Amino acid sequence: MHPREHRADKPRRGHAHIARRSSAAPRRIRLGSREVLTQGIPREVLLDLYHHFMTVSWTRLFATIAVFFLVFDLLFGCLYRLVPACIANLNPPGFLGDFFFSVETLATVGYGDMHPQTLYGHVVAMLEIFVGLMMLAIITGIMFARFSRPRARFLFARSAVVRPIDGKLTLMFRTANARQNVVQEASAELRMLRDEVTEEGFSIRRITDLPLVRSQHPVFALSWTIMHIIDETSPLAGESEESLEADGATFILTLGGTDETTGQYLMAREEYASRAIRWNHAFLDILESSEDGTLHIDYGKFHEIEPLPKGTGAEPPRP
């Protein structure tokens, strides 16, 4: 048989790897209000441990650490048990004493009553101390990374409104900084995603940028109303609540800025389905001024909206 023919009869490793990938269990991914099932890419946790430990819940993280701790304690306890006389003053006698000595050694506690008394015991204890130091370093790094990860505490109103501003129909979003410290040079970007069909009949999910009246805020500390004017140049020109719903339109608002306290760059985003866009409505005013001129902001009314009276010019156009 020709060598090439022999190699051709063998299954290729790459094809087998792809076959294993295609048979992977589906994953449930949540993107805003949408839920997507993906398949074909297995979840290889061992190849991406850092990302895994950064994204799992605190409960699963502590449970995983506890499992590793117990597994290594049992493993080294069994190694000590292979030579029963390697540990002096073993108490309680038997495997339980070896296990507790393993716990003390892995945690580098060393109470002093039990200690290695043979070369074998010292070698195993040395290996366990090394493993314990590595575990401590890894756990410390993971904890620091999770606690030091920048998190934006930006509030987004649950609904957006469409109403006239200066005689122009305007799409408005209300945001706030929940920490109420200074976020320097904050920026906002608004995009619309909706289903469209091209001239060739090809269905696509198109992303369209919506220009804002003001996309920068020098000192974002309290609240910020983000506005997009719906005029003849707007991608929303001629649209209505019904047309956006029919196209499955979704609006994604992204905020970013540098936290003045920590110097870290913060980012957050919120997704609004077309049904969350309330036409001919307005946000309730959350800003009040007292008699002495003190400004009072009531965030308890942050999400509240109210309908505008008829004839204000905010009714959506009808196709």
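The charged end of Arg 146 lies over the ring of Trp 58, at 4.2 Å from the ring centre, where "over a ring" requires NZ of Lys or CZ of Arg to be within 6 Å of the ring centre and within 35 degrees of the ring normal. This structure is a predicted model, in which local features need pLDDT of at least 70 and side-chain atom pairs count only at pLDDT 80 or more, while totals for chains, interfaces and linings use all residues. Residues are numbered from 1 along each chain as its sequence is written, and side-chain values use heavy atoms, with hydrogens and water left out.

**The chain as a whole**

The chain has seven helices and 18 strands, which are DSSP runs numbered from the N terminus (helices are H or I with at least four residues, strands are E with at least two). Of its 319 residues, 32% are buried, a word that stands for under 20% relative accessible area, with exposed meaning over 50% and partly exposed in between (1.4 Å probe, protein chains only). Among contacts with a separation of 6 or more, 64% are between residues 24 or more positions apart, a contact being heavy atoms within 4.5 Å.

**Aromatic rings**

Rings of Phe, Tyr and Trp (its six-membered ring) pair if their centres lie within 6.5 Å, and the planes count as stacked when under 30 degrees apart, as edge-to-face when over 60, and as tilted otherwise. By this rule there are eight aromatic pairs. One of them joins Phe 220 and Trp 224 edge-to-face, with 5.8 Å between the centres and 65° between the planes, and both Phe 220 and Trp 224 are buried. The pair of Tyr 299 and Phe 302 is tilted, because the ring centres are 6.4 Å apart and the planes stand at 45°. Tyr 299 is partly exposed at 23% relative accessibility, whereas Phe 302 is buried with a relative accessible area of 1%. The charged end of Arg 174 sits over the ring of Phe 302, 5.4 Å from its centre. Trp 58 also belongs to a cluster, in which ring pairs link it with Phe 62 and Phe 147.

**Paired strands**

Strands E6 (residues 160-165) and E14 (residues 277-279) run parallel and are joined by three bridges, with Val 161 opposite Arg 278 in E14; two strands pair if DSSP finds at least two bridges between them. E6 also pairs with strand E7 (residues 168-177), in the antiparallel sense and over five bridges, and here Ile 165 has Lys 168 in E7 as its bridge partner. In the hairpin of E6 and E7, two residues lie between the strands, and Asp 166 takes a positive phi near 55°.

**Charged side chains**

There are nine salt bridges, each a side-chain nitrogen of Lys or Arg within 4 Å of a carboxyl oxygen of Asp or Glu. The table gives some of them.

| Salt bridge | Closest N and O atoms |
|---|---|
| Arg 191 and Glu 189 | 2.6 Å |
| Arg 194 and Glu 196 | 3.1 Å |
| Asp 247 and Arg 194 | 3.9 Å |

Salt bridges with shared partners join Arg 194, Glu 196, Arg 206, Glu 239 and Asp 247 into one network. Arg 194 is buried, with a relative accessible area of 10%, while Asp 247 is partly exposed at 24%.

Asp 73, in helix H4 (residues 58-82), is buried yet has no salt bridge, and the nearest side chain of opposite charge, Arg 81, is 16 Å away; Lys and Arg count as positive and Asp and Glu as negative, while His and the chain ends are not counted.
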